[in-house]
Amino acid sequence: MSALANHAFAKMNGIGNEIVVVDLRDSKAQVSADEARAVASPAGGVPYDQLMVLQPPRLDGTEAFISIYNNDGSEAGACGNGMRCVVRRIFEKTGQTAATFQTRAGLLNCWQGPAPDLYTVDMGAPKFGWQDIPLAEEFRDTRYIELQVGPIDNPVLHSPSVVSMGNPHAVFWVDDVNAYDLERFGPLLENHPIFPERANITLAHIVDRDHITIRTWERGAGLTRACGSAACATAVAAARLKRANRIVEITLPGGKLGIEWRERDDHVLMTGTADFEYEGRFDPALFASVA
C-alpha cells in the first residue's frame, strides 16, 4: 500500500500557487511519480501545482529533505512558493523563526519575514551557463538567446533571457503579459528541443526599475497563478540587462513577491505570504492502481 494512503496532508497556497504539504519525516518511504500524479486525480484527489514531501533529513542541521513534485508526477528542483508554505507549517508547529532545508537544488535557508504573515526563502545563487540551465547547445551570452515563436520576420515572441534557479527558466520581455495566449504557447516552448529538461516559460513586463509584472507557464504544472522561482529568475534576468534594480516587486496573477538579488553573495531572496486552506487525509482509493 502507498505510504500516502490515509496519510495527513495540508492544502495551502503561495499567492495562488496551489501547494500540498505532506510530512513523511517519520518514514523511510519514497513517493513515486505515479503516487504524485494520483494525489492530483480529478476523482477524489487534491488539486495542486506542487506537492512538497518532507522526508528525513540527510544532513545535520537541516529540518528535512524536501522532494518536490509537479502535478504531472515529474520532480522539480525548487519551488519558492511551496517552500514558504512548508516554512509556515513548521514555524507554526514549533515556534521556530529560522530553518534550513535540503532539496535537489541544494540547501535553502528560510526565516520569518519582516511581518508575521511574511516568510523569506534564500533561493541560492542563479546559474547562467548554458550547460547549467541546461540548454541543448552553446550560448555564450544567456541574457538573450535565439528562440522565437511565429514568422521569422515578425515573431510573436523572441529572444528570451534564460537562467536556472534550481530549475530552468526562459523569460520573454513583452509590453503586456496578458496580450499573449500563454496557454497555447506555453506547452510548445516548455518542450522546445533547446530545453533538454523542459523549461518554465514566463512573460515579463518591466513597469519601472522597481516593479515587474509576470505570467508563467510552469514546467510540469501548466498555467499557474504564481511561480516563485520564475519571479526570482525574472528579477535576476532584468537586473543582468540593467533594466531593473536588484530589489524589485514582482506582480503575479495571484499576488506580489519581494525579490532581492543580494549583491554580497549573489543569492536571491524571496519574500511573500503563505496561506493555509485545510487539512485532510488522502483517500486510499486514490492509490489502488499504483504499483
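Leaving aside neighbours within four places in sequence, Leu51 is in contact with Val20, Val22, Ala36, Val39, Ser67, Ile68 and Tyr69. This residue belongs to a predicted model, in which the protein has four helices and 19 strands. The radius of gyration is 18 Å, close to the 19 Å that the globule rule gives for 291 residues, so the protein is as compact as a globular protein of that length.

- Leu51 lies in strand β3, which covers residues 50–55.
- With a relative accessibility of 0%, Leu51 counts as buried, since the cut-off for that class is under 20%.
- Phe9 is 42 residues from Leu51 along the chain, and the C-alpha atoms of the two are separated by 9.9 Å.

**Overall dimensions and packing**

- Taken along the principal axes, the box filled by the C-alpha atoms of the protein is roughly 55 × 40 × 30 Å.
- Of the 291 residues, 54% count as buried.
- Among contacts between residues at least 6 apart in sequence, 62% join residues at least 24 apart.

**Surface and charge**

- The protein exposes about 12600 Å², and carbon and sulfur atoms supply 47% of that area.
- There are 27 positive and 37 negative charges, and the mean positions of these two sets are 3 Å apart.

**Helix α2**

- Helix α2 comprises residues 80–94, 15 residues in total, and reaches 21 Å from its first C-alpha to its last, close to the 21 Å expected at 1.5 Å a residue.
- Twelve of the 15 residues of α2 are buried, so this helix is largely enclosed by the rest of the structure.
- The buried residues of α2 include Met83, Cys85, Val86, Val87, Ile90 and Phe91; Arg84, Arg88 and Arg89 are also among them.
- Gly95 follows α2 and has a positive phi, near 85°.

**Helix α4**

- Helix α4 comprises residues 228–240, 13 residues in total, and reaches 19 Å from its first C-alpha to its last, close to the 18 Å expected at 1.5 Å a residue.
- Because twelve of its 13 residues are buried, α4 is largely enclosed by the rest of the structure.
- Among the buried residues of α4 are Ala230, Ala231, Ala233, Ala235, Ala237, Ala238 and Ala239; Gly228, Ser229, Cys232, Thr234 and Val236 are buried as well.
- Lys242 follows α4, and its phi is positive, near 65°.

Note on methods
Residues are numbered from 1 along each chain as its sequence is written. This is a predicted model: local features need pLDDT of at least 70, side-chain atom pairs count only at pLDDT 80 or more; totals for chains, interfaces and linings use all residues. Side-chain values use heavy atoms; hydrogens and water are left out. Helices (H or I, at least four residues) and strands (E, at least two) are DSSP runs, numbered from the N terminus. The radius of gyration is taken over C-alpha atoms; the globule rule is 2.2 Å times the number of residues to the power 0.38. Buried means under 20% relative accessible area, exposed over 50%, partly exposed in between (1.4 Å probe, protein chains only). Contact means heavy atoms within 4.5 Å. Accessible areas come from the Shrake-Rupley method with a 1.4 Å probe; for residues, only the protein chains shown count as cover. Lys and Arg count as positive and Asp and Glu as negative; His and the chain ends are not counted. The place of a charge is taken as NZ of Lys, CZ of Arg, CG of Asp or CD of Glu. The expected span of a helix is 1.5 Å times one less than its number of residues.
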